[in-house]
Amino acid sequence: MLPLLLPALLAACLPPSQGWSPSAAASGQEEQEQELFLPPVNSSSRSLASLEMDLDGAATSFTISLRTVDKITVMVKLRPGVPSRCQIRVKNVNRPELKIKPGENVTFTFTCSTPEKYFIMEIQKNIDCVSGPCPFGDVHLYPPGLPRLNRTFIWDVKASTKAGLELKFSAPWLRQIEPGETCPDFVSYNINSRIDTATVNIGTFCRNGSVSRVKLLGGVVMSLHLLWDSPVTTSGFSIANRASIKRLCIIESILNGESSITLMSPNYPLGFPEDELMTWQFVIPSNMRASVFFHNYSLSNCERKEERVEYYLPGSLSNPEVFKLSDSQPANIAGSFNLSLQGCDQDAQNPGILRLLFQVVVQHPQVDENVTYLVDLSKEWNMTVTIHFEGWPSHMPSMSEPICLICKDPRTCDRVLTLESGTVYKISFLCKDLSRLRITAEKGISCVDLRWCQRKIYSLSVPMAITKLPIRLHKFIWKLLAPDLINIEITSPSLKLQQHVPEQRCNTSYSYSIVSATPETELNVGIFCPGGSIEKIQMRNNITISLKTFGKGFLNASNHQDLKMSFVPHIKDECTFTVSPDPKAKVYLQTPSWPYGLPPYVSISWYVVVPSKQVARLGFSKDRMGIACETGRAYVNIKEETSGAEETVRREDELLPEPRNMYHDFWVNISNCKPVDKMQLALQFWVTFADRQIDLGMILGVVAGAGVLVAIGLTVGCVKKKKKSQNPMVGVYNANVNTQVPRKQGLFTKGRKTNESHVYAVIDDAVVYGHLLKESNGSVAPEVDVYRPFDGPIGSLPPSPPPLSFRKDIKHSNTSDTEEPPPLTDADHDTYTFAHQKSGQSEDNGDTNEKNNGDTSMSLLENKEQDSSVE
């Protein structure tokens, strides 16, 4: 009854898209399909979905007949990890796998139309060369007419250890690949050596390579993997019998032209068998040159003998030549050669792993291979020179690419060669294009005792031994090491340095990158190039200076380098610049670590030299610092080096000073706090110059200004006298100070005159007229704080940033209502009280006086500034 009810049942369950109908089922063809795919009546446990799959599947049947003499076994089984949605039908019985033994004849079908998605096939042939003759010659893919499944042909050949087997591959031969790597055409060979019960994986290979033969001791298990739609119809190899090779295996590789191949030891990356020996034979034309490079290897723990490699080289008088795996391997070999790997007796408790991955590069002899270059580093100290390929070490070129070799003798060549100071080298190049090579050098300079090294000035220039090579210098790095209380001074007396900023970019053939590393933080001082206005940079602790070249112009520019370095006593700020601008130029300067900003609590100073008969115009590129402080305060301090000059101080919550005239050398100090977010303090300012012009208008303006100051002074005197009992003294100024332009001090003289305290304080209207800010009931007083004044002889140190006690937002661990300021690090500092300007004021008294000054040169400077801003 089931065949009669099935059409109606399927018509009700299957959608029309299935292409099945009762009328179609009545045809003779459909009756045959039902007879082929439907289970017997007693298989009532099968579901309707299985019936649907049967009817939708292909009706193709396969018949495999195996002869007993061939000793071939065929296995059809499910692919690992794939759900079982298809089965094998044999005599109306479904099964998940099928095994056909020698002498059997089996016809089967699949219950689905795409069996390649679910099944794989293994065809194994056993060949016994111990008890009977071996079927030598070409190996065929047998039996024919197999289903289109992913299939693996396996040839298991048993042979005596007294006779060796040879697998010979037809062109284009084979190429060894690393485990897990996939062949481009998905056709791969796997070779295993079998001695008694031990199996050693010789390697996995793809087609289209240089491996032409593999000779093995004893038996071999050879596998060929093909995809279900692969067009391959032949095995591509033959088996022959040879005399015993007395080693695990011999791999022959033929390299006819320029090429690069990679080979691995057996069982890679697992261990090479204990105390075994194997050989690679390289067949190379005599007019070619070969070089060997070990890229990855490891050693086992030997109890007896020693792991090594041995070479038989053409023309060698000491064959075999023995090398350790850690040695530089032979290069520039003319013609064919052999390479053997010898293991050792390993420690049974801790055997370790012996493995090797290496590369053989074959290329034509270079025209200039006999040209040597003398690199004399005998007089250098603590320096290394590395010649390498472009992009090293972050980029590794493909092993298949043509390479440039650097040789320090005819047989010692490599892609990367490091030369040490104190030695003389004669190097040569095996390279068609030297422009692909680069030089990176590093030199260390240190000072342990300042009494010994303070008198020495070190030249930071590239040695001629490097510039004479036909290789482009990529980078020269100086690592300057200074212990505590000894700092480093960088000078460029003749060329001076220009800071690379967006408005003033370097366009030279080389530049310097300067990084200062303190125990707490690393400060990227900036990028500099020759031809600017910075004469001197003083930095604390260790410094790294990296010279980087751009193009070929450095070869000419290298003759004029004048960067110098010396060790100096301890400085106060993290970094101090001495700037001597060209009177006709506009100079841009910016804080280190641009654009990310200064690290917290770092203080930087600039000392700007103003030429005589010139007036400088100082301005900032933005009107605010752009940060909010979590702990401490950020400040900008400006101080002119002249008697009676006032110091301009701006906080992070105040407007920065507007452009102003500076008639004498001046300091700019920028000190950072700990900001509340990731954005740090980053400021840029500019300096321009104009000639001083003295005329009657300016003189009258000065006289008028003096009269106003006298009147204000009288008023202040009266006010102070009247309110003496209500307000503290707001400031004391010591006029007996040294106001000379800074000169070169002795390295061990004190930073300030003996028993002389140079003090000054900012006094503004909020201080002088503080009593007027009170309300009628006297409940509001002016904001008062403590300020540490400038210390040290004028010109020897920058203006001091306010101490932490002045930064009244600093948080301490204690929660007391009153907190004491931390002790000052320098001795003999006086404290002064003065009132801050309120937020929003953009000018101090200096600004007001400058605006009231009748100097006619102001119009010229303003016009020049407007022109500059247009740029």
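Is cysteine 413 buried or exposed? I looked this up, and cysteine 413 counts as buried because its relative accessibility is 4%, where buried means under 20% relative accessible area, exposed over 50% and partly exposed in between, with a 1.4 Å probe and protein chains only.

I note that this is a predicted model, in which local features need pLDDT of at least 70 and side-chain atom pairs count only at pLDDT 80 or more, while totals for chains, interfaces and linings use all residues. Residues are numbered from 1 along each chain as its sequence is written, and side-chain values use heavy atoms, with hydrogens and water left out.

Next I looked up the partner: a disulfide (a pair of cysteine sulfur atoms within 2.5 Å) joins cysteine 413 to cysteine 407, with 1.9 Å from S to S. The torsion about this S-S bond is 105°, and the link is right-handed. Cysteine 407, at 2% relative accessibility, also counts as buried.

I then checked how many disulfides the structure holds, and found nine. One of them is formed by cysteine 302 and cysteine 344, whose sulfur atoms are 2.0 Å apart; with -85° about the S-S bond, this link is left-handed. Cysteine 302 counts as partly exposed at 32% relative accessibility, whereas cysteine 344 counts as buried at 1%.

Another entry concerns cysteine 86 and cysteine 112, which form a disulfide with sulfur atoms 2.0 Å apart. The torsion about their S-S bond is about -90°, so this disulfide is left-handed. I found cysteine 86 buried at 0% relative accessibility, and cysteine 112 buried at 7%.
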